[in-house]
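Let's take a look at the charged side chains in this one.

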Amino acid sequence: MLIRYAWASTTVQKLEAQIAQLRNADCQRIYQEKHTGYDRKRTQLEIMLRDISDADTLIVTSLDRLAHSTHNLFEITRTLENQGVNFKSLREPWVDTTRPMGKFLLTGFAGHSEFERNLIKDRTEEGRQVARKRGVRFGGKPKLIRHQQSEAAKIIRDGQSIRAIACHFSVEVATIDRIKNASRVQL
């Protein structure tokens, strides 16, 4: 069965042109929606990915009508592949997984996406390491200042329960548990 998906990411964009192109492609079922491109959690997309089945073919007018980022496109096409679903783009005829060359090109495209994601991950980690060397601390502000942390550790050593200490300092139990683990206090 030929399935079509049409998506406009802004209220200014129109779905009619996409739908007309997809009707010309003899699609039997249509999923359409208007939703921001920054959030992959699109209701109709999720329903379509759940409903689509082995031997179906998903057709979109262009790749940017399925996803705005390479990473999201890779995730979606991988989901389709795992379900045995073929994929075609009308504007990019090389994206046709019903043919060996289309599968090959999409695999190369997916490999590039993974490579790009790994480069971003490596650069981000390098930046974090440089920032740590400069003394930058990551994460939220501590709930207790150093003096309070020392006092909590002392109370733990004295045998008071973690729950009672958390109540005393008006913090979550997890905060006191982290202090216990960090100071290696044994109960």
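## Lys154 and its partner

Lys154 is partly exposed, at a relative accessible area of 46% (buried is under 20%, exposed over 50%, and partly exposed in between, using a 1.4 Å probe and protein chains only). Its partner is Asp158: the two make a salt bridge, with 3.3 Å between the closest N and O atoms. A salt bridge here is a side-chain nitrogen of Lys or Arg within 4 Å of a carboxyl oxygen of Asp or Glu. Asp158 itself has 58% relative accessibility and counts as exposed.

A word on the ground rules: this is a predicted model, with local features needing pLDDT of at least 70 and side-chain atom pairs counting only at pLDDT 80 or more, while totals for chains, interfaces and linings use all residues. Residues are numbered from 1 along each chain as its sequence is written, and side-chain values use heavy atoms, leaving out hydrogens and water.

## The other salt bridges

By this rule, the model has five salt bridges. One of them joins Asp51 to Arg50, with the closest N and O atoms 3.7 Å apart. Arg50 is exposed at 61% relative accessibility, and Asp51 is partly exposed at 35%.

Another links Glu125 with Arg128, where the closest N and O atoms sit 3.8 Å apart. Why do Glu125 and Arg128 end up about one helical turn apart? Because they are three residues apart in helix H4 (residues 100–133); helices are DSSP runs (H or I) of at least four residues, strands (E) of at least two, both numbered from the N terminus. Glu125 is partly exposed at 31% relative accessibility, and so is Arg128, at 37%. Arg132 comes in too: Glu125, Arg128 and Arg132 are linked in a network of salt bridges.

Glu33 is in strand E2 (residues 29–34). Glu33 is buried, and the nearest side chain of opposite charge, Arg42, is 5.0 Å away. For charge, Lys and Arg count as positive and Asp and Glu as negative, with His and the chain ends not counted.

What does the side chain of Glu33 reach at 2.9 Å? That would be the backbone nitrogen of Leu45. A polar atom of the Glu33 side chain also lies 3.3 Å from the backbone nitrogen of Thr43.

Terms used: Polar contact = N/O pair within 3.5 Å; in protein donor to acceptor, adjacent residues only side chain to side chain.
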